[in-house]
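Please open the structure in your viewer and keep the selection panel at hand. The stops below proceed from aromatic rings to a pair of helices.

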Number of protein chains: 2
Amino acid sequence: MSKTKKFLLDDRQMPTQWYNVVADMPTKPLPPLNPQTKQPVTKAEMSMLFPDALIDQEMSAERLIDIPDQVQDLYKIWRCTPLVRAYGLEKALDTPARIYFKNESVSPAGSHKPNSAIPQAYYNYKQGIKHLTTETGGGQWGSAIAMASQLFGIDLKVYMVKVSYNQKPYRKLAMNTWGAEVIPSPSDTTEAGRAALLADPDCSGSLGLAISEAIEVAVRNPDTTKYCLGSVLNHVLLHQTVIGQEAVAQMEMAGNEPDVVIGCFGGGSNFGGIGMPFLRKNLTEGKKIRIVAVEPASCPKLTRGVFQYDLGDTVGFTPLIAMYTLGHNFQPADIHAGGLRYHGAGSIVSQLLKDGLIEAVAMPQLETFAAGVMFARAEGIIPAPESTHAIAVAVREALQAKEEGRSKTILFNLSGHGLIDLYAYDQYFAGKLTNYDLPDSEIRRSVEQLDGII
Amino acid sequence: MSKTKKFLLDDRQMPTQWYNVVADMPTKPLPPLNPQTKQPVTKAEMSMLFPDALIDQEMSAERLIDIPDQVQDLYKIWRCTPLVRAYGLEKALDTPARIYFKNESVSPAGSHKPNSAIPQAYYNYKQGIKHLTTETGGGQWGSAIAMASQLFGIDLKVYMVKVSYNQKPYRKLAMNTWGAEVIPSPSDTTEAGRAALLADPDCSGSLGLAISEAIEVAVRNPDTTKYCLGSVLNHVLLHQTVIGQEAVAQMEMAGNEPDVVIGCFGGGSNFGGIGMPFLRKNLTEGKKIRIVAVEPASCPKLTRGVFQYDLGDTVGFTPLIAMYTLGHNFQPADIHAGGLRYHGAGSIVSQLLKDGLIEAVAMPQLETFAAGVMFARAEGIIPAPESTHAIAVAVREALQAKEEGRSKTILFNLSGHGLIDLYAYDQYFAGKLTNYDLPDSEIRRSVEQLDGII
């Protein structure tokens with residue numbers, strides 16, 4: 001008798017509302033501030049960058065927000081995604097723990113990013129926007145928003161961090177195939193880019209700088225052109241809660257409730273997406289499910305950063321956001337989990353961490369790749385370098401259960417597959433990767449530049 | 001109200017038997033012959049290459065063959081796959097036709113190939129085999145069998161056609177990540193390879209030559225090492241029928257029966273996989289569903305080849321197979337649909353074509369890429385260059401329905417995604433691809449070398 005491995009929901013069982021955890025938070029997240037006035041950013045100020053509906057979501061404290069029909073229709077290209085029992089990994093670890101993963105790698109872009117790309121493109125389209133700009137680091141977000149923009153006939157310009165542009169030609173080609181223009185950042189198309197190139201013609205770029213370039217292009221033509229972002233902001237986290245809502249229903253089908261829910265952490269969208277609907281059970285039903293964010297040891301804002309107002313970009317075009325941060329000038333090591341190389345965390349997850357409602361752990365790069373290879377060989381799926389961070393903590397939890405001789409139910413989010421990131425595995429097998437130990441002095445130097453408003 | 005787009009089957013609805021069309025064929029396929037004796041190949045002869053269970057399946061005329069529990073468990077890593085209504089493509093074409101596709105791209109290797117890779121690895125494992133050899137062209141089969149071998153702890157050596165080895169580094173890296181050794185063919189590890197290199201040190205290889213190399217290694221150590229193949233053979237086609245069996249059930253869920261079922265065609269495994277369970281309805285229930293195989297115009301064995309006994313490889317290690325063929329020395333143009341660059345067709349599909357029970361059409365390369373880009377932008381999924389052949393014919397059928405002003409139900413198999421084949425799209429956008437018109441004289445020259453047994 002063969003075993004049940006997957007728990008599926010059909011189109012009619014797909015969530016029709018997003019879950020906004022702000023409604024249930026004991027301490028609400030702090031508002032974004034205008035960097036000049038230090039006053040909360042107004043809707044009018046935000047409308048330079050975003051369509052009204054997204055600004056409303058960004059500021060909303062409503063518990064449930066309807067997912068538009070057209071967005072639901074497009075979600076159904078790949079959603080609901082499977083919840084999978086990782087029998088292969090359990091066997092490889094010889095653990096009494098039950099391990100489940102939510103498989104977000106089955107989307108056309110190969111990651112969870114389309115969950116927010118589709119509604120973002122939709123709301124821009126509804127407002128008559130013809131052009132979008134954005135940035136991308138590793139390329140997961142860029143691919144997703146390229147796909148989504150194309151579905152709504154919106155023209156997209158992507159500023160891609162130059163080091164990734166050169167390292168990841170397939171990501172660029174995916175964006176081109178979905179009709180987007182991809183520009184290596186820093187570029188000579190913006191003042192921010194030209195200034196960076198003047199200072200250093202060989203500058204390989206950073207996410208913060210690419211954000212500055214993308215925003216600069218959008219604010220030049222605010223009536224036809226808007227900017228969009230794939231993580232950090234409240235509305236992005238909101239959209240991603242389809243992941244966790246489905247997983248809650250699927251864990252019920254599996255007849256198990258997780259003891260621990262694990263997501264890798266860049267700006268918080270994938271982590272929030274899987275985690276918030278389970279956190280809701282803690283906040284409203286008195287459950288005690290551990291919700292664990294996993295960051296790379298080389299970019300440890302949650303475990304070694306400060307809780308402060310900080311900028312989202314390098315130049316200073318974004319509002320100040322209340323976040324755990326390493327400082328907006330922090331230059332993370334060039335690890336392969338490009339999606340986790342960001343200096344700050346979104347304000348919701350930052351507040352939750354401050355209040356002890358979620359946990360965070362930093363993982364060294366080599367342990368994450370070892371876990372990724374183990375997973376690929378036991379479950380058949382090659383995970384994205386970002387996702388290997390969640391897997392590595394799931395492995396630690398499963399081995400601890402084995403040591404303690406007790407059962408435990410572990411759930412992690414497989415945020416994406418690694419088929420376009422195989423160069424990273426090649427480098428790992430060749431012994432060319434390291435753990436990038438990060439001295440305290442470097443973090444201190446970077447956070448000292450912040451001006452201490454909180 | 002959002003629309004139902006996907007039709008899903010859960011783990012318990014997965015087929016538990018493969019469908020063997022041989023049982024229902026009015027004319028049975030001709031047996032493979034020993035090239036020396038011209039007598040039907042014996043089980044003993046085949047056991048040099050394959051485990052007993054696969055030989056039994058190769059020769060079987062039983063209608064239904066049980067899928068072992070362990071294979072079912074591993075199928076469940078990604079199966080059942082979704083059947084999707086292509087509303088986006090319908091809208092882009094403004095057609096009255098209903099278009100559905102079976103999405104085989106959601107497997108961990110990104111194609112339908114694991115459907116046969118898993119059982120092949122399983123039966124070898126059950127027989128105590130420790131090493132497998134195989135060849136791969138485009139790399140879809142190599143990736144799938146690398147994944148499957150790893151799941152059973154079998155060590156795998158892949159001979160990869162050198163031109164692909166150099167063009168598709170990510171495919172090689174995927175195989176490495178799943179633990180396989182990948183050797184560019186021709187190589188100096190076999191006599192066949194050394195002879196080819198001696199004749200032409202710059203030889204870029206061919207699938208037929210890579211098969212010769214892989215077989216040579218296997219026959220050296222028949223007790224511990226076997227050979228495996230990702231298409232052409234009856235047992236491979238058998239395993240792939242899980243696709244079509246699921247699709248039959250899902251089309252019933254959708255409340256529609258296809259008028260036409262379309263699959264791209266290399267050796268016949270993906271085409272047979274989607275097509276045979278629908279052909280069964282024609283053969284046993286008197287239905288008249290058109291079953292259409294789509295080959296590249298540059299490798300047109302079905303539409304311009306001859307029905308003859310021919311070798312499966314270049315050197316002559318395989319049996320003679322009754323097939324539509326362009327001759328085993330035919331050198332197909334270097335199109336990007338690497339999986340369709342093979343000189344011959346499997347004996348079952350060849351017999352069915354000869355008997356007028358299926359149709360075949362050859363598509364020029366540029367039309368396939370145009371259809372692929374249209375699909376990517378309308379449905380969000382970037383298709384493999386192989387799969388674009390099926391899409392292109394679906395597009396033709398849908399436009400014909402529009403012209404005739406009548407409805408029609410079209411089903412095609414999306415055999416894989418193109419995320420690791422993006423270089424092909426890049427070349428297409430850059431205007432560097434052509435249709436490779438193939439003169440009759442070239443086909444004549446190649447088939448004249450056959451000795452005419454049939």
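**Aromatic rings**

Across all chains, a search of the whole structure finds 29 aromatic pairs (Phe, Tyr or six-membered Trp rings with centres within 6.5 Å; planes under 30 degrees apart are stacked, over 60 edge-to-face, the rest tilted). Select Y122(B) and Y123(B): this aromatic pair is edge-to-face, with 5.1 Å centre to centre and 70° between the planes. Y122(B) is buried at a relative accessible area of 9%, and Y123(B) is buried at 10% (buried is under 20%, exposed over 50%, partly exposed in between; 1.4 Å probe, protein chains only).

This is a predicted model, in which local features need pLDDT of at least 70 and side-chain atom pairs pLDDT 80 or more, while totals for chains, interfaces and linings use all residues. Residues are numbered from 1 along each chain as written, chains are lettered from A and ligands numbered from 1 in written order, and side-chain values use heavy atoms, without hydrogens or water.

Next, select Y122(A), Y123(A), Y125(A) and F152(A), which form one aromatic cluster.

**Lysines over rings**

Select K3(A), which lies over the face of Y87(A), 4.4 Å from the ring centre (NZ of Lys or CZ of Arg within 6 Å of the centre and within 35 degrees of the ring normal). In chain B, the charged end of K3(B) sits over the ring of Y87(B), at 4.4 Å from its centre.

**A helix pair**

Finally, select residues 365–379 (helix 15) and 422–429 (helix 17) of chain B, whose axes come within 11 Å and cross at roughly 110° (axes are lines fitted to C-alpha atoms over the stretch in contact, with angles from 0 to 180 degrees between N-to-C directions; helices are DSSP runs of H or I, at least four residues, numbered from the N terminus). The contact (heavy atoms within 4.5 Å) includes F369(B) and V373(B) of helix 15 and Y425(B) and F429(B) of helix 17.

Note on methods. Helices (H or I, at least four residues) and strands (E, at least two) are DSSP runs, numbered from the N terminus.
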